Amino acid sequence: MALLFASAVLRDNVRILVADDQESVRKRVCATLTSRAGFEVCGEAANGKEAVEKAKALQPDLIILDITMPLMNGLEAARAIRSFSPSTPVLILSMHNSKQLIEEAHRIGVDGYVTKEDAVQKLLQAAEAVLQDQTFFPPDT
Amino acid sequence: MGLGYALPDLLSSDDERHSHSVQLYSEDASLVDALGDFVDAALDRGEAAVVLATPQHRRELTRELITRGVDISTATQQGRFVALDAAQTLSLVLLEGRPDPARFASCIGDVLARARMATGNPLSTVSIFGEIVGMLWTAGKFEAALQLEQLWNELSATQSFHLRCAYPIGAFTGSEHEAPFLKMCAEHSRVLPIVPISPEIGGDERFGPLTQWQQKAALEVEITSRKTVERALKHRESELVDLLENAVEGVQRTGPDQRILWANKALLRLLGYPAAEYLGRCFADFYVDPGEAGDFWTRLMHREELYDFSASLRCKDGAVKDVLIHSNGLWEGDRFVHTRTFIHDVTERKQMERALQQARDELERRVAERTAELREKNEQISQQWEKLDQTNAGLRELSARLLHAQDEERRRIARDLHDGTGQSLALLCMNLSAMQREAQGLNPKLAQGLTENATIVRQVSAELRTLSYLLHPPLLDEMGLSSALHWFVDGFTERTKIRVALELPESWGRLSDDLEIAVFRVVQECLTNVHRHSGSATATIRLYEYSGNAVLEIRDQGKGIPPEKMSRISSVGVAGVGLRGIRERIKDFNGALEVTSNGDGTTIRVVIPLTPASSRLQVSAAAAG
């Protein structure tokens, strides 16, 4: 899938929910996101279950999910979120880069997939893309 | 074994087999009458009778026998009755007026032999009536007559016959006849009374001095005969004693006082005693067991005949002889005279029997020992077997536990690497990237260095991920078996260039973690085998549900498993670590492994029963929570 260049036209105060079981990673992700003007982290979750609950409660504009998390993994969480919030953009930010996983994420209805290694360079791009109803997946998928 | 003594008929009288009597007669009629008795008796006994008589006497005899009812014609036909002319026979025997031994033996011997053969019994006795001697005597040829009598006596040494010579009393008239008469009588074994002897006719006086001569001769012959018998008896007694004395078996006689009266050499030799130390002693002294001696004597005194009475006798040198005794008592009315005891040495036989028994006992003992040993060995083997079974069961359990532990450990390490080290590396990478971004404007050199470092970290991260994925399939936990299999198959094809078709059901829910990892590992193992051994360029993996079972098939189009390895799989059930590992993995799920292979390829089929409780988790239910 072709990488679409994200435009700068975005509304202010984009509220983002970040879910990752590792706090240090979560903080780094949050810092990366908030480095962009208008991006705000409205909530953090340390597992999939918490992410689903907070997604329901906070109604964020964007949800970023890690895959490997306790209690419920990111894919399951994404599937659950889709059931009550079909249009909220969801990004997967994962260590994994396997084709099957990315395909599966795509099948569930996730909007974008970024590996953690590329987070600093591509996370903002991906966030901007999905916020403009575009998808963001690694080039070879 | 008995004491088989067959004693010869030593004491039987010669009279029954041989006699040479002289018959004096006054009248033909009385002679023929006596002769009729003689021949009649012989034929009646089934013997032969030969008559050498004058024609007149032969005629009268034939008439007499017919009168008595004797079947003369049959006897004559058979050859048992032979009547020859006396004068003619005499002429054949004489040579120059005197009896010739050769002619006599030839002529008379031939006649007797033929008559004897006619009876069917070559040893039978022939009765002969002869007048040929009387004819010589009447002719005054006393010497020749005596010679002829002597020839008859000589013939009796080789032939058995009863010879009756007839002399008419008219041949003895004067006193000059007395001496030859007595001589003639002495050649006979019996002098019969003169016939007729009826007192009414006149008694002995009628024959004058001949009566006294006859009586005197008869007496002398009787005396001679008795002396002969006595000598014969003595001779036979000594023969009998000699026989007993030299018998191989021990023989002894014991008197009423239980003392040994006599013992033969064999017995003395057996017990090692000289006669002086043995005879006169109580027989029981030599019995090892006094009870045996008492029993022996009591039974004999009850007139019992003991046969194969078993006893042990002690020798002079202390040795013991095992004997079998045959004994009975000689009784005169109520008086016990002595024992007749025959003792047979069976020591050697008994020793052999004992040795045989010992050998048999030894054999039985060894058989019993060997049997016990074998039983013990069997016991040990079965115990070892049991232990081995237990060990095997333990090993199988251990092996299953090890597999499980290995899976768990891999999963843990993979997670640690991925979630711990991996996350840290990812974070490091993000930090480096952020720093690089900040440094870009301020210090391009630093920014360049940070970029390089970030690249290194990315490489390390990728390597770590690969390592982690190999340890534990990354998607198994997150996405389940189907995704994990797709991931693995893609990687496999990339590495080996073997095209793999993966046929999975559309809606396959989640299985239990254990079962999913088991199925994944089976596929992993089978594809490894396809790559290593089959030479196939393609493979197919099918996973489907069939009547409550999960069925996994891995098929290749390779050269197949070699027959010898295939037969080991059929008989032993396993061959090689790979298949054994598969079997171990599916054992906990009661799964079955089936291997079919030929020149067109190999199919491994694993069938695992699906139980709702342990094997299947619905992914939707888990996800909803």
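Predicted model: local features only at pLDDT ≥ 70, side-chain atom pairs only at ≥ 80, totals over all residues.
Figure 1. Chain B averages a pLDDT of 84, and 91% of the residues score at least 70. Among the elements of chain B, helix α21 (residues 619–624) has the lowest mean pLDDT, 35. Helix α12 (residues 290–301) of chain B has the highest, 95. Helices (H or I, at least four residues) and strands (E, at least two) are DSSP runs, numbered from the N terminus.

**Figure 2. Confidence along chain A.** The average pLDDT of chain A is 86, with 91% of the residues at 70 or above. Residues 1–8 of chain A fall below 50, yet have 17 contacts beyond near neighbours in sequence. Among the elements of chain A, α4(A) has the lowest mean pLDDT (85). Strand β3 (residues 62–65) of chain A has the highest (96). For the complex, the predictor gives an ipTM of 0.76 and a pTM of 0.45.

**Figure 3. The interface of chain A and chain B.** Here 30 residues of chain A are in contact with 30 residues of chain B. The buried area (accessible area, 1.4 Å probe, that two parts lose on being put together, summed over both) is about 2,700 Å². Carbon and sulfur atoms give 57% of this area. In chain A, A:Met95, A:Gln100 and A:Glu117 lose the most area to chain B, together 27% of what that side buries.

**Figure 4. A salt bridge between A:Glu117 and B:Arg465.** These side chains meet at 2.8 Å, N to O. The rule (a side-chain nitrogen of Lys or Arg within 4 Å of a carboxyl oxygen of Asp or Glu) finds 3 salt bridges across the interface of chain A and chain B. α1 (23–34), α3 (74–84), α4 (99–108) and α5 (119–131) of chain A each supply at least two residues of the side of chain A that touches chain B.

Residues are numbered from 1 along each chain as its sequence is written, with chains lettered from A and ligands numbered from 1 in the order in which they are written. Local features need pLDDT of at least 70 and side-chain atom pairs 80 or more, while totals for chains, interfaces and linings use all residues; side-chain values use heavy atoms, leaving out hydrogens and water.

Conventions:
Contact = heavy atoms within 4.5 Å. pLDDT = per-residue confidence, 0-100.
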